[in-house]
Amino acid sequence: MQPGYPERLPELLRLLREWIARDGATDFVAHAGDIVDACRPELIREAVSAFRFEVPFYPCLGNHDLTRADARDCWLEGAPQWFAPGSIQFEIVRGDCVVQVVPNHWGETDFWWRDIQSPRFSEAQLARIDRVIARYPDRPHVLCTHSPVLGVSSAQTGLPEAVHVPPEGFRDTVLDLVRRHPQLCCVLSGHNHINTLAEREGSVLVSASAFASAPFEFKVIEVDGNALSVNTYELAAGVGFDADYDLDRAFVQGRPRDRDCTITLDAVST
Ligand SMILES: [Fe+2]
């Protein structure tokens, strides 16, 4: 959606590591998917050598990460330290928060993206999300997946209609989850490469711009007993090259309301 500089990823990740070191309060880094263009063992090896942090790194695999029938096995074999033992879906359990990493499926076969982009959660995944919330009912839960839940509004883009609108079925499934579970206070997504942020049913639904595209943004999500905040930062000022930027697509970065927010966690009894 903006000029991309994947060849500059080592420099960008160094800047992010420096930011994390300066901040000193980061528990872990989550990636919302499409780490590689296609699922190949040599690309997974490259990703493992690039995405190194002093804190744990947890990816939620996207469609580009799942381009072969045995993609799940490729990742578990090539990057086992990024996942739970034997599973690319897992929970990050902290004293003040639970992050559920649940990559959505894309077609008829679980965890395999071939041609159509039809995001869905399986019944087993939905049951898993319910089960994890039941296990930690007093903590805020964040769901990290790859497909956005909502389209990008015309108020944000200035275009006549919403764009990148996911299928209604996926949207309704996620809205039903947040409606049924007051603890589920945030849903994080990638895929559309656009910062979006909308509050529904007391939960904030977020999608992120692409890290390797100008102006090289990332989000900081903070959760404490009373509030969840989302803030978007950029690394452009620190890069050692001239990055192009398409001003006609400035909606990718969004308005302040598409980038940052704080919600109170009244419904969660932490
Ligand atoms: Fe994607």
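Here is a quick tour of a sheet, a loop residue and a helix in this structure. The model is predicted, so to speak of local features takes a pLDDT of at least 70 and side-chain atom pairs count only at pLDDT 80 or more, while totals for chains, interfaces and linings use all residues. Residues are numbered from 1 along each chain as its sequence is written. Helices (H or I, at least four residues) and strands (E, at least two) are DSSP runs, numbered from the N terminus.

**The sheet**
- Three strands make an open, antiparallel sheet, ordered E9-E10-E11; strands pair if DSSP finds at least two bridges between them.
- At the edges sit E9 (217–223) and E11 (261–264), each pairing on one side only.
- Seven bridges link E9 to E10 (residues 227–234), and Lys219 stands opposite Thr232 in E10.

**Thr145 in its loop**
- Look for Thr145 in the loop between strand E5 (141–144) and helix H5 (154–157).
- Thr145 counts as buried because it has 28 C-beta neighbours inside 10 Å; the cut-offs are 20 or more other C-beta atoms within 10 Å for buried, 12 or fewer for exposed, and partly exposed in between, with C-beta atoms placed from the backbone.
- Beyond its neighbours within four places in sequence, Thr145 is in contact with residues including Cys60, Val102 and Ser189 (contact means C-beta atoms, placed from the backbone, within 7 Å).

**Helix H3**
- In H3 (residues 71–78), the buried residues are Ala71, Arg72 and Trp75.
- They cover an arc of only 105° around the axis, so they lie on the same side of H3; the arc is that of the directions from the helix axis to the C-beta atoms.
- These buried residues of H3 pack against helix H2 (41–50).

Notes. Two residues are in contact if their C-beta atoms, placed from the backbone, lie within 7 Å.
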